[in-house]
Amino acid sequence: MQSSPLILEEPIRMASILEPSKPSFFPGMTKIVGTLGQKSRSVDVISQCLEAGMSVARFDFSWGDPEYHQETLENLRAAIKRTRKLCAVMLDTVGPELQVVNKTEHPISLQADTLVVLTPDQNKEAGSNLLPLNFNGLSKAVKKGDTIFIGQYLFTGSETTSVWLEVSEVNGDDVTCVIKNSATLAGSLYTLHVSQIRIDLPTLTNKDKEVISTWGVQNNIDFLSLSFTRHAEDVRHAREFLSKLGDLKQTQIFAKIENIEGLTHFDEILREADGIILSRGNLGIDLPPEKVFLFQKAAIYKCNMAGKPAVVTRVVDTMTDNLRPTRAEATDVANAVLDGSDAIVLGAETLRGLYPVDTISTVGKICAEAEKVYNQDIYFKKAVKFVGEPMTHLESITSSAVRAAIKVKASVIICFTSSGRAARLIAKYRPTMPVISVVIPQLKTNQLRWTFTGAFEARQSLIVRGLFPMLADPRHPAESKSGTNESILKVALDHGKAFGIIKPHDRVVVCQKVGDSSVVKIIELDD
């Protein structure tokens with residue numbers, strides 16, 4: 001993989017740093033994925049999360065039962081109605097994740113330089129000298145000297161809440177380890193990660209399949225986050241499974257890269273997946289610390305050039321317990337934006353953190369500031385050069401729409417689409433202004449009943465940087481026969497005016513199909 005250079009607008013005026021940020025309907029072009037749970041599952045808190053900028057709600061099935069998550073989802077739907085803000089749903093699979101089970105839920109104190117036994121016997125009680133886990137093949141996978149990490153939810157990197165072990169002996173099914181740092185493990189489940197060792201479990205487990213075919217089908221999930229994706233075949237297998245589940249054939253699959261195996265097969269995984277999640281928690285354990293940023297830059301660049309969303313995790317861990325991020329974390333969020341990330345995932349910060357709403361708001365503000373200094377001109381040239389010639393018809397039209405919008409300083413780009421593909425291609429070229437994706441529902445029938453499509457396509461735009469969907473009236477066609485169909489355009493313009501992103505005398509670039517042709521129009525608004 002080749003890494004891309006930092007894309008930054010220069011020079012930055014020092015005085016501009018002290019200028020207050022201007023409020024905007026869109027907190028930032030970069031999207032925020034919030035994990036809903038213990039501290040963020042009431043209608044009131046979820047409503048505040050949506051108002052603060054959350055556009056995708058993540059449901060992590062590593063913990064909690066379907067009934068618990070269903071109650072949270074019902075609250076999300078109520079919050080969407082209350083705020084009138086669209087939000088997509090992401091189901092995060094457990095995958096081949098190893099977990100330590102603490103049935104008593106009493107905190108477990110582990111002391112450095114002492115021994116602890118990892119056992120597959122879950123009937124035994126967890127304690128300072130013994131930790132039962134949900135996998136009976138660990139003793140066959142590890143050897144003396146291997147490194148094992150254990151922590152609550154995901155690894156925070158804090159030596160007080162996650163522990164580093166070194167295998168000292170394998171005895172039957174049990175693995176004895178030396179504790180390398182003192183820590184206190186709290187809660188009922190802790191994630192266990194063996195560094196650079198392949199665990200012989202399927203990527204999509206039977207438990208995952210059961211959850212998807214019940215909870216996923218019932219709720220028409222928009223995204224499937226495929227944990228521990230290691231090969232392109234993992235994505236193909238998941239897609240084949242979804243294709244048999246009715247409407248879930250439209251669900252987009254985001255491959256979660258969490259270990260060396262996934263990194264090694266990254267290019268082939270990217271070709272198969274709809275998007276990529278860079279899971280820096282587990283990946284940061286498999287990779288040396290000094291290599292993590294290189295993978296991030298290289299992977300995001302490849303996603304950008306392929307026009308597929310790149311999502312970054314683990315950015316403001318300390319906001320789980322603190323109202324402000326560290327300076328390093330704030331800079332990390334900004335660099336993720338400058339690298340080209342489409343979205344930021346907040347995990348423990350919103351799931352069990354004390355300040356879920358403040359975290360979303362803070363991350364959104366940092367993203368918005370970073371976007372102001374993103375050098376779109378350099379990026380645009382790179383993207384066009386990467387595509388090469390001859391371009392496809394749609395690629396040519398969408399890239400031209402972005403270039404025109406920048407040249408005329410348009411306030412917004414409006415794109416009419418049925419599948420969402422044209423809008424995503426526009427977003428691929430990273431315009432400096434919002435892209436309103438007007439999704440036109442299409443009427444379909446299976447000869448038993450009529451259904452409208454479009455809702456999936458609209459919600460799936462919510463993870464793409466700079467793309468803001470609206471679902472249009474199905475009576476308005478996506479394609480105009482004469483080029484004079486102004487009714488649907490008026491709806492989109494009124495939508496933009498209502499939210500203050502389009503003002504009198506603004507210029508607007510419109511991308512629309514007229515008959516068999518695609519057209520880019522520049523409109524200057526009257527009073």
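Is R507 buried, partly exposed or exposed? R507 is partly exposed, because its relative accessible area is 36%. The scale here: buried is under 20% relative accessible area, exposed is over 50%, partly exposed is in between, with a 1.4 Å probe and protein chains only.

Quick ground rules. This is a predicted model, where local features need pLDDT of at least 70, side-chain atom pairs count only at pLDDT 80 or more, and totals for chains, interfaces and linings use all residues. Residues are numbered from 1 along each chain as its sequence is written, and side-chain values use heavy atoms, with hydrogens and water left out.

Back to R507. Its salt-bridge partner is E524, with the closest N and O atoms 3.5 Å apart. By salt bridge I mean a side-chain nitrogen of Lys or Arg within 4 Å of a carboxyl oxygen of Asp or Glu. This pair links distant parts of the chain: R507 sits in strand β24 (residues 507-514), E524 in strand β25 (residues 517-524), 17 residues apart. Helices (H or I, at least four residues) and strands (E, at least two) are DSSP runs, numbered from the N terminus. E524 has 48% relative accessibility, so E524 counts as partly exposed.

The structure holds 25 salt bridges. Another one joins E71 and R41, closest N and O atoms 3.7 Å apart. E71 is in helix α3 (residues 66-83), while R41 is in the loop between β1 (31-35) and α2 (43-52). R41 counts as buried because its relative accessibility is 16%. E71, at 47%, counts as partly exposed.

A local case next. K490 bridges to D494 at 2.9 Å between the closest N and O atoms. Both lie in helix α18 (residues 487-498), four residues apart, about one turn of the helix.

Now the interior. A nonpolar core is a set of buried Ala, Val, Leu, Ile, Met, Phe, Trp, Tyr and Cys residues joined through side-chain atoms within 4.5 Å. The largest has 64 residues, and M54, F59, L76, I212, W215 and I276 touch the most other members. Helix α13 (residues 356-372) gives the most to this core, with six residues. A second, separate core has 37 residues, including I277 and C415.

Last stop, the hairpin. Strands β9 (residues 162-171) and β10 (residues 174-179) pair in the antiparallel sense over six bridges. Pairing requires at least two DSSP bridges between the strands. V167 has C177 in β10 as its bridge partner. Two residues lie between the strands, and G172 takes a positive phi near 65°.
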